Amino acid sequence: MDQLISFFVAGTTLLLAFLIFANNNQLSGRVHLWFGSFILCIFFIQFNDLLEKTGFLKTRMFITDVLGLVDFIVAPVFYFSVIYFVRPNRKWRVKDNFHFAFAFVMLLLLLLSLLINVNHHPTAADKENESIVITVFNFIFCFQVISYCIMSYRAINIYQKNLFLYASNIDAINLKWLQKVVICVLLITGLWLIDIVFTLAKTNILFDHFASLIYLVGIFFIAYSSLKQKEILQPDQQEKIEIDSIIIQASSLENNQKKVISDIALQEMKSILIQIMDDKKPFLDPELSLFKLSSQLDVSSHQLSYIINKGFDENFYQFINRYRIEEAKKKILDPKMQHLSLIGIAFEVGFNSKTVFNTTFKKSTSQTPSEFKKATTA
């Protein structure tokens with residue numbers, strides 16, 4: 001059964017890697033290259049494990065040693081796949097090569113050991129030492145994966161937090177699915193670590209089957225999540241520059257640093273913004289962004305972000321969705337809108353997700369939309 005599951009995992013990862021590399025419409029440029037490489041690394045790891053379990057290679061061979069080196073590049077490859085999801089146009093830096101330095105050193109040591117031991121027949125002591133070395137490197141592998149997963153999760157969190165500064169609907173551009181993939185990788189690594197510490201796979205066949213089944217489920221989850229993810233529309237070059245400026249500004253506001261406009265100008269622009277929101281209702285546009293709204297006010301997105309953050313003590317996402325909730329409440333109470341369902345009203349006021357509408361509505365009113373409707377029509 002264990003070998004059968006390993007076959008499924010290896011086959012699934014190879015197929016998924018092929019689909020990611022082939023599907024240029026889903027993940028663009030470096031993003032699909034790095035994420036596909038990560039999946040391919042998992043395939044090589046599983047394939048190497050499969051060779052050992054089946055006993056296909058009776059003696060140590062160079063190919064299995066080379067496949068073993070994949071263990072030390074899978075974590076940084078995964079990390080860079082996350083980084084390029086967050087910043088697709090990021091340029092490669094010289095210092096990025098150091099993430100693969102350990103794997104390079106291991107390759108050199110492997111080549112050196114092959115040269116030294118070309119005619120050497122391993123003794124019992126050699127085999128015992130080899131077992132100790134393998135255990136040590138397994139610990140290093142787990143520590144490396146956990147460290148890179150933590151860094152990846154932090155990078156996604158920062159990205160998610162920054163979305164609220166300039167987007168009013170984030171479902172199409174958030175990376176929650178990738179956060180779940182990181183957690184999935186951590187859980188699998190946790191099982192590896194437990195196995196290394198307690199050697200359960202060798203002594204407990206039930207744990208071995210359970211671990212293999214978890215690996216299979218984890219791989220299927222990663223496959224499902226990555227293939228389900230829609231292509232994320234990237235901002236143009238000018239918007240990227242403005243986003244970076246807005247992020248820096250938001251950080252400075254938290255530290256009570258310099259003003260973007262004077263307090264008098266802030267109050268004037270705040271009044272104009274309120275008037276536009278009440279009269280033109282730009283929040284009804286589900287694709288409304290900070291950049292679209294700033295063009296209607298004839299101010300820079302940098303200034304508008306400051307006006308919202310400083311004048312209303314909200315980020316852009318909170319500001320726009322507060323207006324959407326207020327408009328939704330009016331429509332729920334409006335007899336002329338009784339033909340619309342609650343989800344219909346959600347779409348009418350600019351939301352593009354039932355879940356986000358319900359969550360935001362309850363956070364604002366302490367009631368779900370249906371509870372609010374019952375309470376007001378009773």
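**View 1. Contacts of K331.** Not counting residues up to four places away in sequence, K331 touches M337, I345, E348 and V349; contact means heavy atoms within 4.5 Å. K331 belongs to helix α14 (residues 316–333). Helices are DSSP runs of H or I, at least four residues, numbered from the N terminus. K331 is buried, at 13% relative accessible area. Buried means under 20%, with a 1.4 Å probe and protein chains only.

This is a predicted model, where local features need pLDDT of at least 70 and side-chain atom pairs count only at pLDDT 80 or more, while totals for chains, interfaces and linings use all residues. Residues are numbered from 1 along each chain as its sequence is written, and side-chain values use heavy atoms, leaving out hydrogens and water.

**View 2. The aromatic pair F35 and F38.** Rings of Phe, Tyr and Trp (its six-membered ring) pair if their centres lie within 6.5 Å; planes under 30 degrees apart count as stacked, over 60 as edge-to-face and the rest as tilted. The count by this rule is 24 aromatic pairs. F35 and F38 make a tilted one, 5.9 Å centre to centre with 45° between the planes. Both residues lie in helix α2 (residues 29–54), three residues apart, about one turn of the helix. F35 is buried, at 0% relative accessibility. F38 is buried too, at 3%.

**View 3. An aromatic cluster.** One cluster is formed by W34, Y79, F80, Y84, W92, F100 and Y148.

**View 4. Charges over rings.** A charge sits over a ring if NZ of Lys or CZ of Arg is within 6 Å of the ring centre and within 35 degrees of the ring normal. K270 lies over the face of F312, 5.0 Å from the ring centre. R324 has its charged end over the ring of F351, 5.9 Å from the centre.

Notes. Helices (H or I, at least four residues) and strands (E, at least two) are DSSP runs, numbered from the N terminus. Buried means under 20% relative accessible area, exposed over 50%, partly exposed in between (1.4 Å probe, protein chains only).
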